[in-house]
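Subject: Structure for your study

Dear colleague,

Please find the structure below, followed by an account of what was found in it.

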Amino acid sequence: MDPFLRAALEEARMGLQERGIPIGSVLVIDGEIVARGHNRRIQNGSAILHAEMDCLERAGRLTAADYSRSILYSTLSPCDMCSGAALLYKIPRIIVGENRTFQGPESYVRSRGVELEIVNDPECIALMESFIANHPTLWNEDIGQPTC
């Protein structure tokens with residue numbers, strides 16, 4: 001596994017250990033991790049702290065030139081909100097651990113010029129499949145689906 005995707009997976013596992021949703025993300029610039037994050041919606045009682053949003057927040061203020069050289073890694077296909085943040089900051093490349101359990105607006109992101117690579121890593125898939133099976137209510141809340 002790519003070392004940066006592995007770092008995102010470590011973040012996802014930290015989120016699970018914290019009794020949160022196991023999705024992780026890292027931001028890489030010039031071959032170095034500049035920020036890490038994981039989904040902290042449950043832990044922080046937040047409406048928006050998905051893994052990618054947490055990662056971007058932890059990166060702090062960056063310049064447009066920094067973002068233009070960056071790669072965003074996420075263990076799961078970014079949702080509309082997280083994809084929108086990547087588009088806003090013109091992050092040119094996103095590496096996704098898996099999109100089998102959830103698929104964000106990938107076609108739209110690609111249509112906006114972002115290089116999107118889907119790895120479909122077995123560890124990322126297994127982590128999300130297990131979480132969704134064991135915590136369907138939390139999962140549906142995270143992706144904005146009603147729980148019936």
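Ile 91 touches Leu 27, Leu 56, Tyr 67, Ser 70, Leu 72, Ala 86 and Val 114, leaving aside residues up to four places away in sequence; contact means heavy atoms within 4.5 Å. This is a predicted model, in which local features need pLDDT of at least 70 and side-chain atom pairs count only at pLDDT 80 or more, while totals for chains, interfaces and linings use all residues. Residues are numbered from 1 along each chain as its sequence is written, and side-chain values use heavy atoms, with hydrogens and water left out.

Ile 91 also belongs to the largest nonpolar core, which has 27 residues. A nonpolar core is a set of buried Ala, Val, Leu, Ile, Met, Phe, Trp, Tyr and Cys residues joined through side-chain atoms within 4.5 Å, where buried means under 20% relative accessible area (1.4 Å probe, protein chains only). Ile 23, Leu 27, Leu 72, Ile 91, Ile 94 and Trp 139 touch the most other members. The helices α3 (51–59), α5 (80–88) and α7 (122–134) and the strand β4 (93–96) each supply at least two residues of this core; helices (H or I, at least four residues) and strands (E, at least two) are DSSP runs, numbered from the N terminus. The largest share, 5 residues, comes from α3. A second, separate core of 9 residues includes Phe 4, Leu 5, Ala 8 and Val 26. In soluble globular proteins, nonpolar side chains tend to be buried together.

Yours sincerely

Notes:
Buried < 20%, exposed > 50% of the residue type's maximum accessible area, 1.4 Å probe, protein only.
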